[in-house]
Amino acid sequence: MAKFLIVDDEEGIRQVIKEYCEFEGYETEFAADGMEAVRKARETDFDMIIMDAMMPKLDGFSATKEIRKTKQTPIIILSARVEEYDKLHGFEMGADDYVTKPFSPKELMARAAAIMRRGAINEDKMVSGDLTIDFAGCAVFIAGKRVPMTPKECELLFLLARYNGKAFSRQELLDKIWGFDYYGDDRTVDTHIKMLRKSLGEQYREKIVTVRGMGYKAIL
């Protein structure tokens, strides 16, 4: 049975999410602030963390960044902030998804289920110049130095690299990376491609090519 950590300083929201989680058959545990969330995430292997953005002691963005130092547990951030900057900040901290308040608990459960359904990565490796993509180790290296990336950046790069030269539409990338039942729009893809290019740096950012009127491809 999957176990969820629900992190929010409002008890009412925690209880609502708990009810829907239990209806789906998930076990739940609570944290009322970011500090408590970090501690519990280190002590327990959760299958999913649902994290409020604005909390006392330590906000959800900072808590996500701390958890990412030791765990790759999927994290969904809940926030009343709807600006692209705030969403981008959440993804840069390592969030797997970003849901704005007020939110539909059913949609939240659907997004959580889609994240958990993603398949494992095949064991192989690709080398292009000084760039090494280690699919088995879920890591990317440039000149032997590991490149920090969010989980979504890695998934995008791994998919584009495996099908080197093949163009994917934004909708195809949404379906393959976020899942068929993802409720967001294709601007999410553009945001993560922008982050991926930044992570790859000047030398390799141009390897992720925009296909005008369609989407993206990798040329490695």
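Lys and Arg are counted as positive and Asp and Glu as negative, with His and the chain ends not counted. Each charge is placed at NZ of Lys, CZ of Arg, CG of Asp or CD of Glu. On this basis, the mean positions of the 34 positive and 38 negative charges of the protein lie 5 Å apart.

The model is predicted: local features need pLDDT of at least 70, side-chain atom pairs count only at pLDDT 80 or more, and totals for chains, interfaces and linings use all residues. Residues are numbered from 1 along each chain as its sequence is written, and side-chain values use heavy atoms, with hydrogens and water left out.

Along the principal axes, the C-alpha atoms fill a box of roughly 50 × 35 × 30 Å. The accessible surface (Shrake-Rupley method, 1.4 Å probe) comes to about 11,100 Å². Carbon and sulfur atoms account for 48% of this surface. Of the 220 residues, 49% are buried. Buried means under 20% relative accessible area, exposed over 50%, and partly exposed in between (1.4 Å probe, protein chains only). Contact means heavy atoms within 4.5 Å. Among contacts between residues at least 6 apart in sequence, 58% join residues at least 24 apart.

The secondary structure comprises 8 helices and 12 strands. Both are DSSP runs numbered from the N terminus: helices (H or I) have at least four residues, strands (E) at least two. Strands pair if DSSP finds at least two bridges between them.

Three strands form an open sheet in the order E10-E12-E11, with antiparallel pairing. Its edge strands are E10 (168-169) and E11 (208-211), each of which pairs on one side only. E10 joins E12 (residues 215-218) over 2 antiparallel bridges. Phenylalanine 168 stands opposite tyrosine 216 in E12.

Strands E6 (residues 125-128) and E7 (residues 131-134) run antiparallel and are joined by 4 bridges. Lysine 125 has aspartate 134 in E7 as its bridge partner. E6 and E7 form a hairpin with 2 residues between them. In the turn, glycine 129 has a positive phi of about 65°.

Lysine 40 is located in helix H2 (residues 34-43). Lysine 40 is buried because its relative accessible area is 13%. Leaving aside neighbours within four places in sequence, lysine 40 is in contact with Leu5, Glu29, Phe30 and Phe46.
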